[in-house]
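These are my notebook entries on one protein model. I record what I looked up and what I found.

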Amino acid sequence: MTYRDMQLGHGLKVLSYWIDGSFTSSKLNPGDIDITALIDGVASAPTAGYDDWVNPADKWKTLVHPLVGRTINVDGYGIVKAPDGTPAANTYRSMRGYWDDWWQRCRSTGEEMSKGYVEVVF
């Protein structure tokens, strides 16, 4: 079962993933995958436990996930897309800008626009 399968199984409608981390680097043995899920807030129908799949951060790298039965080498951060004109729209835009900037910065120097990320759209 994949990370995406788990999100879909919890009623989350994923629009795209922003993928980064050592997985997208030249490292021969990447340690994990860093991912931001862009989730359609209107089209999603979250079930109990969904937050573990929206913003797990690195929680499941050290804890065995009860549904998967093992640890997962994922640092996951979600952004819930809200429609324009709603109170949550400003939070959505702010978080989208934050993560876009974050994934483009070099971790060792903090320089902005020194790298990028891969976006997978569904």
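I take helices (H or I, at least four residues) and strands (E, at least two) as DSSP runs, numbered from the N terminus. I work from a predicted model, in which local features need pLDDT of at least 70, side-chain atom pairs count only at pLDDT 80 or more, and totals for chains, interfaces and linings use all residues. Residues are numbered from 1 along each chain as its sequence is written, and side-chain values use heavy atoms, with hydrogens and water left out.

**Entry 1: the sheet**

I looked up the strand order first. I count two strands as paired if DSSP finds at least two bridges between them. The model has an open sheet of four strands in the order 3-2-1-4, with mixed pairing. Strand 3 (74-81) and strand 4 (118-121) are at the edges with a single partner strand each, so one side of each has no neighbour in the sheet. From one strand to the next, the twist averages 20 degrees.

I then went through the pairings. Strand 1 and strand 4 are antiparallel, over four bridges, and Ser16 has Val121 in strand 4 as its bridge partner. Strand 1 and strand 2 also run antiparallel, joined by six bridges; here Asp20 stands opposite Asp34 in strand 2. Strand 2 and strand 3 run parallel, with eight bridges between them, and Thr36 has Tyr77 in strand 3 as its bridge partner.

I checked how far strand 2 is covered. I use buried for under 20% relative accessible area, exposed for over 50%, and partly exposed for values in between (1.4 Å probe, protein chains only). Seven of the eight residues of strand 2 are buried.

**Entry 2: the cores**

Which residues touch the most other members of the largest nonpolar core? I define such a core as a set of buried Ala, Val, Leu, Ile, Met, Phe, Trp, Tyr and Cys residues joined through side-chain atoms within 4.5 Å. The largest one has 14 residues, and Tyr3, Tyr17, Ile35 and Trp53 touch the most other members. At least two residues of this core come from each of helix 1 (3-9), strand 1 (14-20), strand 2 (33-40) and helix 2 (51-54). A second, separate core has seven residues, including Ile79, Ala82, Tyr92 and Trp103.

**Entry 3: Tyr17 and Phe122**

Tyr17 is buried, at 5% relative accessible area. Leaving out residues up to four places away in sequence, I find that Tyr17 touches, among others, Tyr3, Gln7, Ile35, Val118 and Phe122, where contact means heavy atoms within 4.5 Å.

I searched the whole structure for aromatic pairs and found eight. Rings of Phe, Tyr and Trp (its six-membered ring) pair if their centres lie within 6.5 Å; planes under 30 degrees apart count as stacked, over 60 as edge-to-face and the rest as tilted. Tyr17 and Phe122 form an edge-to-face pair, 5.5 Å centre to centre with 90 degrees between the planes. Tyr17 belongs to strand 1 and Phe122 to the segment after strand 4, so the pair ties together parts that are 105 residues apart in sequence. Phe122 is partly exposed, with a relative accessible area of 45%.

Arg4 lies over the face of Phe122, 3.6 Å from the ring centre. My criterion is NZ of Lys or CZ of Arg within 6 Å of the ring centre and within 35 degrees of the ring normal.

**Entry 4: the aromatic residues of helix 4**

Trp99 and Trp102 both lie in helix 4, three residues apart, about one turn of the helix. Their ring centres are 6.3 Å apart and their planes stand at 85 degrees, so the pair is edge-to-face. Is each of them buried or partly exposed? Trp99 is buried, at 9% relative accessible area, whereas Trp102 is partly exposed, at 32%. Ring pairs link Tyr77, Tyr98, Trp99, Trp102 and Trp103 into a cluster.

**Entry 5: Ala57**

I looked up backbone angles last. Most residues other than glycine have a negative phi. Ala57, although not a glycine, has a positive phi of about 50 degrees. Ala57 lies in the loop between helix 2 and helix 3 (59-62) and counts as partly exposed, at 25% relative accessibility.

Definitions and conventions: Axes fitted to C-alpha atoms, helices over the stretch in contact; angles between N-to-C directions.
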